[in-house]
Amino acid sequence: MKKPGLIAAVAFGGIIIGATAFAAPPITFTPAPAQVRAEQTCGNEGVRPKSAAWELCLAHVTRAYEWGEAGLAKQLARTASAARESCMNEGQRVETAGFKDCVGREMDARSDLLILGDDQSGENVAQQP
């Protein structure tokens, strides 16, 4: 035997859940200001979306902007572009996983040098005890 009260409660609950879903504002993704700046900076250096260097460039440059290092962010974007060119000059084909690995290695090596070279103290860090 069916219980009309239970059926009505389940139906009413379903209507309430459905109405809540329709009443809620749509969820939209808004990138953080640092990411927007990184996209512009990487693009200005010739790094294009959907390229092997794009995600790597965004990751490095966004982080630099988040740290408040605008100069470093621009240098890192140039590094991404130079890494791409270097890997192409080595004969890597852009559609291969090896190319993406090459770009990653080049960017890591070059960004390490940028960060080490960012010391403004005037001291030669290579000669430090």
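Me: Cys-87, is that one buried or exposed?
Reply: Buried: in this predicted model, Cys-87 has a relative accessible area of 0%.

Me: And what does a disulfide join Cys-87 to?
Reply: To Cys-102, with an S to S distance of 2.0 Å. Cys-87 sits in helix α4 and Cys-102 in helix α5 (residues 97-116), so the bond links distant parts of the chain, 15 residues apart. Cys-102 is buried too, at 2%.

Me: Which hand does that disulfide have?
Reply: The torsion about the S-S bond is about -95°, so the disulfide of Cys-87 and Cys-102 is left-handed.

Me: How many disulfides does the structure hold?
Reply: Two. Cys-42 and Cys-57 form a disulfide with their sulfur atoms 2.0 Å apart. Its S-S torsion is about -100°, so this one is left-handed. Cys-42 lies in helix α2 (residues 33-44) and Cys-57 in helix α3. Counting bonded cysteines along the chain, the pattern is 1-2, 3-4.

Me: Switching to the fold, how many helices and strands?
Reply: Five helices and zero strands. Of the 129 residues, 26% count as buried.

Me: What about α3 and α4, how do they cross?
Reply: The axes of α3 (residues 54-66) and α4 (residues 70-89) come within 8 Å and cross at roughly 170°. That makes α3 roughly antiparallel to α4.

Me: Which residues make the contact?
Reply: On α3 they include Cys-57, His-60 and Val-61, and on α4 Leu-72, Lys-74 and Leu-76 are among them. The residues of this contact divide into ten nonpolar, one polar and one charged.

Note on methods
Residues are numbered from 1 along each chain as its sequence is written. This is a predicted model: local features need pLDDT of at least 70, side-chain atom pairs count only at pLDDT 80 or more; totals for chains, interfaces and linings use all residues. Side-chain values use heavy atoms; hydrogens and water are left out. Axes are lines fitted to C-alpha atoms, for helices over the stretch in contact, and angles run from 0 to 180 degrees between N-to-C directions. Helices (H or I, at least four residues) and strands (E, at least two) are DSSP runs, numbered from the N terminus. Angles under 35 degrees count as roughly parallel, over 145 as roughly antiparallel, 65 to 115 as roughly perpendicular and the rest as oblique. Contact means heavy atoms within 4.5 Å. Ala, Val, Leu, Ile, Met, Phe, Trp, Tyr, Cys and Pro count as nonpolar, Asp, Glu, Lys and Arg as charged, and the others, Gly among them, as polar. Buried means under 20% relative accessible area, exposed over 50%, partly exposed in between (1.4 Å probe, protein chains only). A disulfide is a pair of cysteine sulfur atoms within 2.5 Å.
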